[in-house]
Every structure is written in structure tokens, then in C-alpha cells.
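This report goes through the side chains of one protein model and how they meet. Keep the sequence and the 3D view at hand while reading.

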Amino acid sequence: MNNLNETKEFVKMEALKDPSRECCGLILEKESGTVAIPCENVSPNPETHFIISPLDVMELSKSGKLIGFYHSHVMDEEFKLSKYDRLVSQRLMLDSVIYSVTNDRFIHHKPNKHKPDYINRPFIIGLYDCFTLTQDYYKYELNIHIPDPI
């Protein structure tokens, strides 16, 4: 990711605008370089979670290549990459930049290609659900690619 330090500074500024809610956004690669774009956190519990609207993802992806996402943690005593953060980054193959308001620290997670777990995986609609379980099994065990539904 180009301009990682600039991206981190942008994320920190966004997070400190309202340190009681998780901020979130997308990271795009454009001709001019890497750009972080804020999105509305549509989570019903923005103090502890973030959700980026799929409509924001679709619309913003038209203006550049989606290479990552960012968000803040607002109440982290022990700041670490959560299982959910890792799974989303891995499943979408997108970098994740996370800023802790409490600890004034960053985590930059780069996904790696791995064979996903089939047992004890979380249930997250659209990321880790029955359909994606089938996709993963066919892809990694049978070398058959099942495309995402339109």
C-alpha cells in the first residue's frame, strides 16, 4: 500500500472527530496514489462495531481499485486484531488499517492466501455463510471456482 503513513494520519484524524464512535472507510488505489475515503458507519452499535454500507462500497469502487478498508477502535484496553477483523480482511483479500483511539496505535493487517477453516467458522452473511462455505470447499478441495451471485 502506497502512502501508508498518510493513510494512517487520515484515519487518526477521522477517528478523533468523534472518539465515542468507530469511524470507517475504504482505501482505494487511484492514478494519483492511495486514497482513504470516509464512509458512514451504519452499525446499530457504532460504539463497538462498524459496518460499511454495500452501496458505499459499490459506488466508491467505481472511482478506483479497492485495496483496503479502515476503522477505529474506541474502547480497547488490549489493542489487537480481532478475529472478525482478520476474517473480513482475509475473505475479501483487502488490507485493513485499524486505529486505537485509547492507545494511539495502529495495526496494518495484510491478508495472506490460506485455506480457510470449514469447521468453527463464524456466520457472517455474505462473508462466511453457507454459500461461501460451499465456494471455499469447491475452490480449495476440488479446484472449482463458483462465482459470487450477482
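Which backbone oxygen lies 2.5 Å from a polar atom of the side chain of Ser-89? The oxygen belongs to Leu-94. A polar contact here is a pair of N or O atoms within 3.5 Å; within protein, one must be able to donate a hydrogen and the other to accept it, and residues adjacent in sequence count only if both atoms are side-chain atoms.

The model is predicted: local features need pLDDT of at least 70, side-chain atom pairs count only at pLDDT 80 or more, and totals for chains, interfaces and linings use all residues. Residues are numbered from 1 along each chain as its sequence is written, and side-chain values use heavy atoms, with hydrogens and water left out.

Ser-89 is part of helix α3, which covers residues 83-92. Helices (H or I, at least four residues) and strands (E, at least two) are DSSP runs, numbered from the N terminus. With a relative accessible area of 0%, Ser-89 is buried. Buried means under 20% relative accessible area, exposed means over 50%, and partly exposed is in between (1.4 Å probe, protein chains only). Leaving aside residues up to four places away in sequence, Ser-89 touches Phe-69, Leu-94, Asp-95, Ser-96, His-109 and Pro-111. Contact means heavy atoms within 4.5 Å.

Met-93 is in the loop between α3 and β4. Its phi is positive, about 55°, although Met-93 is not a glycine. The relative accessibility of Met-93 is 39%, so this residue counts as partly exposed.

**Salt bridges**

Side chains of opposite charge can pair when their charged atoms come close. A salt bridge is a side-chain nitrogen of Lys or Arg within 4 Å of a carboxyl oxygen of Asp or Glu. The structure holds three of them, listed in the table.

| Asp-104 | Lys-12 | 3.0 Å |

Glu-14 and Lys-17 are both in helix α1, three residues apart, which is about one turn of the helix. Is each of the two buried or exposed? Glu-14 is buried because its relative accessible area is 15%, whereas Lys-17 is exposed at 63%.

**Aromatic pairs**

Rings of Phe, Tyr and Trp (its six-membered ring) pair if their centres lie within 6.5 Å; planes under 30 degrees apart count as stacked, over 60 as edge-to-face and the rest as tilted. The structure holds five aromatic pairs. One of them joins Phe-10 and Tyr-70: the ring centres are 6.2 Å apart and the planes are at 90°, so the pair is edge-to-face. Phe-10 lies in helix α1 and Tyr-70 in strand β3 (residues 65-73), so this pair ties together parts that are 60 residues apart in sequence. Tyr-70 is buried at 0%, while Phe-10 is partly exposed at 23%.

Why does the pair of Tyr-99 and Phe-106 count as tilted? The ring centres of Tyr-99 and Phe-106 are 4.8 Å apart and their planes are at 45°, so the pair is tilted. Tyr-99 is buried, with a relative accessible area of 1%, and Phe-106 is partly exposed, with 23%.

**A cluster and a surface patch**

Ring pairs also link Tyr-118, Tyr-137 and Tyr-138 into a cluster. Tyr-137 lies in helix α4 (residues 130-142) and is partly exposed, with a relative accessible area of 40%. Together with Tyr-138, Leu-142 and Ile-144, Tyr-137 makes a nonpolar surface patch of about 360 Å². Patches are made of residues with over 30% relative accessible area and no salt bridge: like charges are joined within 9 Å, and nonpolar side chains (Val, Leu, Ile, Met, Phe, Trp, Tyr) within 5 Å. Accessible areas come from the Shrake-Rupley method with a 1.4 Å probe; for residues, only the protein chains shown count as cover.
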